[in-house]
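Grab a pencil and have a go at these exercises. Try each task yourself before you read the solution under it.

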Amino acid sequence: MQTLKTSSGDLTADRRVDYAEMLFGSGDPAAAAELLLGALELAPQWAAGWFRLGEMQETRGQLDLAAQAWVMALKLDPADRLGATLKLQLIGKAPAAAAPPSAFVETLFDHYAESFESELVNKLGYRLPEFLDRAIRAARPGRFPLALDLGCGTGLMGERLRPIADRLVGYDISAAMLKKARAKGVYDLLAKADLQHFAYVGPNADLVVAADVFIYVGALDGVVKAVAGILAANGLFAFSVETPGEGEAAGEAGFALRPSRRYAHSQAYVERVLTTSGLSVLSVQPTVIRLDRRQPVDGLAVLATLSSG
């Protein structure tokens, strides 16, 4: 997949964009939006520019103008690699969807791959792999003949799983992330896969892990059902979700899109999906997933297995 252009392709337009960003950074989003709109008159086919205009209009409280810009971005990039549909949903200008655009998730992590670990671990205090590792070892001491790491990213969870897995397979939607994971040499096999349409062919897995992944999946019915279908008889499914923060609600659906463009899931929804898919909950532990703007992001670490009978 080709990445979206970070330049408009027009030098004069790019200069205006630079000035617009300076104005925006100085706290004048109205002037910034006006200048960026002028740049887009010179480069009207630049989807990323229209998306950025939407963000500036949103900041100044002009939601109708923001929506117009995001609709234009979506028209120019129907795959929606920048996630314009998610922004439209968040301001009430598009119906709630059960999942994010796959191209948005792929583009996000292709772009994020180089700085992923330094940002997540060193700046955002990400310690979920260690937390899940302890939970897995407590629930099932010993080794796992086959472990699957869904949404493996750069391999942070894989490094924890390697000592307890005879065979370790990782899946991720981002080729750039997989390249980083491959360099670590902890996986026996790595493959590109979209968890919204996850299909697996092979022996049943003794352990399936999805660490900080379902925030970019949305509705969990499909992927949880797929996991239930590939678990061995005594297999373990370990994963995490973000939970709604103060003043937020998951609604009747049980999950909701957050301003961060990640999904939060209620504990009741998670347990319902597991039960419906033929899985039994072994444990649900509250934990802090990471920091966001220096504030803790609360979540759940969940362990489940196939229901007996």
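This is a predicted model: local features need pLDDT of at least 70, side-chain atom pairs count only at pLDDT 80 or more; totals for chains, interfaces and linings use all residues.

Residues are numbered from 1 along each chain as its sequence is written, and side-chain values use heavy atoms, with hydrogens and water left out.

**Exercise 1.** Work out how H1 and H2 run relative to each other.

*Solution.* Start by finding the helices, which are DSSP runs of H or I with at least four residues, numbered from the N terminus (strands are E runs of at least two). H1 covers residues 11–25 and H2 covers residues 29–42. Next, take the angle between their axes (lines fitted to C-alpha atoms over the stretch in contact, with angles from 0 to 180 degrees between N-to-C directions). The angle is about 170°, and the axes sit 8 Å apart. Now apply the cut-offs: under 35 degrees is roughly parallel, over 145 roughly antiparallel, 65 to 115 roughly perpendicular, and the rest oblique. So H1 is roughly antiparallel to H2.

**Exercise 2.** Check the length of H2 against what you'd expect for its 14 residues.

*Solution.* The expected span is 1.5 Å times one less than the number of residues. For the 14 residues of H2 that should give 20 Å, and the end C-alpha atoms are 20 Å apart, so the two agree.

**Exercise 3.** Which residues of H3 are buried, and what covers them?

*Solution.* First, the cut-offs: buried means under 20% relative accessible area, exposed over 50%, and partly exposed in between (1.4 Å probe, protein chains only). In H3, the buried residues are Ala47, Ala48, Gly49, Trp50, Phe51, Leu53, Gly54, Met56 and Gln57. Then look for their cover, using contact (heavy atoms within 4.5 Å). The cover includes H1, H2, helix H4 (63–76) and helix H5 (84–90).

**Exercise 4.** Is Gly155 buried or exposed, and what does Gly155 touch?

*Solution.* Find Gly155 in the loop between strand E1 (144–150) and helix H9 (156–161). Its relative accessibility is 0%, so Gly155 counts as buried. Now skip the neighbours within four places in sequence: Gly155 is in contact with Ala181, Lys184 and Tyr187. For scale, the C-alpha atoms of Gly155 and Val297 are separated by 21 Å, and these residues are 142 apart along the chain.
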